[in-house]
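Subject: Structure handover

Hello,

Here is the structure I promised to pass on. Please open it alongside this email; my notes follow.

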Amino acid sequence: MTLEMKDEGIRAGAWGLLVGYDESDETYAVRHQYVDRGRETYAVRYDALGTVASANWFCVLVFDPPGESVEVVETHLRALRNAVAFAKDTRWPTTTGHHRGEARGLAAYPLWRDAFESGEAEPGYSQYHAHDLQVFRGHAAAYMRELVEVFPAAASLLQQAAGQYDRLVDTATTLHDRCAAAKDAGGFSEDARAEAAGLVTAALQAERDAIASIQA
């Protein structure tokens, strides 16, 4: 995204997709999930990429054509197995991270719940986290339904997983709204904190159920 876009309030500072370029005016054609959900193509000057974020962090990934045929079914199986492994925190080797607790996968939920119960969780950050949960698990639900055609023998389990992710999205939506209200109110009340902690518990159960269906 360009500085002009930032000044106009357009938020497209994360990952985008370059779909073309124009050598005559030295611009890239870009699509971004935050600009009309990726349906709109806009131009960015060659020299305007990577200059907006305060950290000035910039990375370009270029995908070469595959050198050999892709095993579609195996690729989907690997994605499902990775989902299970990530939930159980066996996807990546154990490392010393930058965040206290360094809880990943299913283990992150109790850490979040504890933060609500202790009063440490802030409404603004929690609203942001709940939004991410809405978006990512919404993608997961859609993916489960797409896989019904790939694995028809597992259709029932895949539909179950999709429904469980739907339940998680609904819970995350409620949590997001509660956090937004607390942010506007200047903080959580004791009752609001207790409700938020309960919503995290419900989200954890929905996630566990979805992973169990995927593993099955």
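Predicted model: local features only at pLDDT ≥ 70, side-chain atom pairs only at ≥ 80, totals over all residues.

Helix α4 gives the most to the lining of the largest pocket, with 10 residues. By class, the lining has 22 nonpolar, 6 polar and 9 charged residues.

Now the helix packing. A general point: two packed helices are described by the angle between their axes and the distance between the axes.

α3 and α4

Helix α3 covers residues 108–118, and helix α4 covers residues 123–146. Their axes come within 12 Å and cross at roughly 150 degrees. Angles over 145 degrees count as roughly antiparallel, so α3 and α4 are roughly antiparallel to each other. The crossing of α3 past α4 is left-handed.

Which residues of α3 meet α4? They are Y109, W112 and F116. On the α4 side, the partners are S126, H129, A130, L133 and R137. This contact has 5 nonpolar, 2 polar and 1 charged residues.

W112 in α3 and H129 in α4 are in the contact between the helices.

α4 and α5

Helix α5 spans residues 155–185. The axes of α4 and α5 come within 8 Å, with a crossing angle of roughly 160 degrees. That angle makes α4 and α5 roughly antiparallel too, because it is over 145 degrees. α4 passes α5 in a left-handed crossing. By class, their contact has 17 nonpolar, 10 polar and 4 charged residues.

α5 and α6

What is the packing angle of α5 and α6? It is about 165 degrees, and the axes are 8 Å apart. Therefore α5 is roughly antiparallel to α6. The crossing of α5 and α6 is left-handed. The residues of this contact divide into 14 nonpolar, 6 polar and 5 charged.

Backbone

Most residues other than glycine have a negative phi. Two residues deserve a look here.

E26 has a positive phi, near 55 degrees, and is a residue other than glycine. Where does E26 lie? E26 is in the loop between β1 (16–22) and β2 (27–32).

D89 is not a glycine either, yet its phi is positive, at about 60 degrees. D89 lies in the loop between α2 and α3.

From α5, go on to α6, to which α5 is roughly antiparallel.

Best wishes

Technical notes
Residues numbered from 1 in each chain as written. Heavy atoms only, no water. Axes fitted to C-alpha atoms, helices over the stretch in contact; angles between N-to-C directions. Helix = DSSP H or I, 4+ residues; strand = E, 2+ residues; numbered from the N terminus. Parallel < 35°, antiparallel > 145°, perpendicular 65-115°, else oblique. Left-handed = near helix turned anticlockwise from the far one by under 90°. Contact = heavy atoms within 4.5 Å. Nonpolar A, V, L, I, M, F, W, Y, C, P; charged D, E, K, R; others polar.
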